[in-house]
Amino acid sequence: MWVKLGIGFLAVLIGVALLAWGSYRPLPERAHLHWKNIPVPDHASPLSALVSRMTTAHDGLSGVKALSAGREAFAMRAVLAASAGQTIDAQYYIWHNDTAGQLLFAALRDAADRGVRVRLLLDDNNTRGMDELLTSLNAHEMIEIRLFNPFMHRKWRAMGYLNDFFRLNRRMHNKSFTVDNVATVIGGRNIGDEYFEVGDGVMFADLDVLAVGSVVDDVEQDFERYWSAESVYPLSAIIPDQGESADPLASVDESVEAQAYLEEIANTDVMRYILTEQNLPLVWTSVRLISDDPAKGLGAAKEGRTVSEKLRQQVGNIRERLVLVSPYFVPTAEGTAALIGLIKDNINVEVLTNSLSATDVAVVHAGYAKYRKPLLRGGVKLYELKSDSTIENAQDTGLTGHSGSSLHAKTFAIDGERLFIGSFNLDPRSAHLNTEMGFLIDSPELTQKLETALAENISQHAYQVGFSDGELVWRSYDHGRETIFDQEPESSTWKKIQVTIFSWLPIEWLL
């Protein structure tokens with residue numbers, strides 16, 4: 001019987017492979033494609049004038065503001081889009097077609113209607129079901145959309161992996177939103193309801209940063225590199241013409257949920273500052289953009305030009321402490337040895353990641369779980385965010401939670417002086433497969449704010465992982481009362497089984 005089942009399964013695989021090959025459509029030759037290349041409008045930008053006045057007294061520095069609350073992060077993007085006078089350049093791994101996504105799509109289109117040039121670069125891994133919407137936007141004379149490592153199978157995307165796996169497995173994980181080349185928002189957030197506190201579902205605790213000043217030029221130059229990268233294709237060359245259709249954004253702001261959300265946005269600090277014509281409180285300091293070579297999307301990045309290598313060069317020696325926050329934490333044997341090496345040099349190392357109950361990717365948790373015991377034995381302190389965490393008072397830290405939270409912020413603090421905020425996870429996928437970006441910020445003020453928030457809140461809102469009689473335990477503290485779990489807390493049996501099965505597979509390089 002098992003032989004027959006095996007033969008049958010093999011026959012199905014061969015059939016699927018033949019079907020995929022039979023419908024395979026190769027990537028078009030980029031040299032012969034039509035690129036819109038919309039010119040930059042020459043009319044003045046009030047936003048540029050405002051930022052110019054702000055930067056005059058801070059020559060060579062950048063002004064930054066951390067954005068931890070989801071509604072603040074959405075409001076900042078919405079305000080920038082509404083203020084744009086010349087250009088909007090946005091680059092994202094995920095842009096959902098939900099309430100938040102549609103509201104920001106509408107903000108881009110409204111800007112284009114005012115004569116602003118809008119360029120949108122999307123990773124194609126998460127555009128399923130959006131072809132009609134994207135082609136509708138791209139039809140606007142002032143909007144150009146391009147796709148990173150696109151799928152040529154639009155309906156049955158998984159088939160693409162059968163004949164183009166190594167290209168399609170490399171994704172653009174970058175996230176940036178830059179307006180008039182004077183202000184930018186980058187960080188860990190994609191565009192979607194779960195990133196901006198829309199509705200009642202599971203929310204991501206995340207962290208972005210607004211920046212003005214000298215580093216914005218670096219972000220814009222980096223966008224240009226990606227915009228013209230070999231992995232990038234114009235939308236019109238990938239998605240067939242959808243023909244005439246109703247405007248998919250005609251009533252985007254009329255739904256009950258959208259109306260309620262916009263009312264909440266109106267009460268954010270960002271909106272209050274704008275409405276009262278006050279300057280946002282910024283920290284002026286040295287900020288460095290750390291970004292991957294876009295050639296990484298084809299596996300062709302030159303040595304020394306990846307984010308992980310640049311961070312090692314820029315961070316330099318760590319003297320006293322390192323605080324790591326990563327939702328997807330797969331340290332690998334090499335990384336585990338490096339962290340333990342810091343402990344041996346009398347450096348305190350703390351890691352906050354998702355618990356199994358909080359993570360949205362069980363396979364990644366399997367890649368992390370195997371390193372818990374070696375890390376703990378080596379002296380690394382491990383904390384795992386609870387799935388129902390709500391950190392009420394940790395403003396501007398990226399740790400604000402929600403009932404039903406999952407950690408999504410990617411940040412680390414060094415010696416209470418320097419802070420990294422970006423898209424880079426501490427896992428093999430970010431290091432070797434996906435492209436990433438982030439800011440390395442020299443700011444004791446912001447760095448110590450993160451560390452203080454962790455110190456004051458982590459014991460109540462995260463499990464501390466440790467040992468008891470040689471076995472792993474998870475300690476939870478709630479108003480001074482300790483609870484000890486001897487298995488992954490608050491996790492279903494099925495999720496634990498998944499982690500066990502995934503841990504047997506040789507897939508760490510994919511995580």
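A polar contact here is a pair of N or O atoms within 3.5 Å, of which, within protein, one must be able to donate a hydrogen and the other to accept it. The model is a predicted one, and by this definition the side chains of R189 and D208 are joined by a polar contact of 3.1 Å. The side chain of R189 also reaches the backbone oxygen of D206, at 3.4 Å. R189 itself is found in the loop that runs between β6 (183-187) and β7 (203-205). Because buried means under 20% relative accessible area, R189, at 1% relative accessibility, counts as buried.

Leaving aside residues up to four places away in sequence, L61 touches G213, S214, W284, T285 and S286. D200, by contrast, is 139 residues from L61 in sequence, and the two are 40 Å apart in space, C-alpha to C-alpha.

| Helix pair | Angle | Axis separation |
|---|---|---|
| α13 (residues 362-369) and α17 (residues 493-504) | about 60° | 8 Å |
| α3 (residues 70-83) and α9 (residues 256-265) | about 90° | 10 Å |

How is α13 placed relative to α17: oblique or roughly perpendicular? The angle of about 60° between these two helices makes α13 oblique to α17, because the roughly perpendicular class runs from 65 to 115 degrees. The crossing in which α13 passes α17 is right-handed. On the α13 side the contact is made by A362, V363, H365 and A366, and on the α17 side by K495, Q498, V499, F502 and S503. Sorted by class, the contact of α13 with α17 has 5 nonpolar, 3 polar and 1 charged residues.

For the other pair, the angle of about 90° makes α3 roughly perpendicular to α9. The residues that make this contact are G70, R71, F74 and A75 of α3, together with Y261, E264 and I265 of α9. By class, the contact of α3 with α9 has 4 nonpolar, 1 polar and 2 charged residues.

How values were computed
Residues are numbered from 1 along each chain as its sequence is written. This is a predicted model: local features need pLDDT of at least 70, side-chain atom pairs count only at pLDDT 80 or more; totals for chains, interfaces and linings use all residues. Side-chain values use heavy atoms; hydrogens and water are left out. Helices (H or I, at least four residues) and strands (E, at least two) are DSSP runs, numbered from the N terminus. Buried means under 20% relative accessible area, exposed over 50%, partly exposed in between (1.4 Å probe, protein chains only). Axes are lines fitted to C-alpha atoms, for helices over the stretch in contact, and angles run from 0 to 180 degrees between N-to-C directions. Angles under 35 degrees count as roughly parallel, over 145 as roughly antiparallel, 65 to 115 as roughly perpendicular and the rest as oblique. A crossing is left-handed if the near helix is turned anticlockwise from the far one by less than a right angle, and right-handed if clockwise. Contact means heavy atoms within 4.5 Å. Ala, Val, Leu, Ile, Met, Phe, Trp, Tyr, Cys and Pro count as nonpolar, Asp, Glu, Lys and Arg as charged, and the others, Gly among them, as polar.
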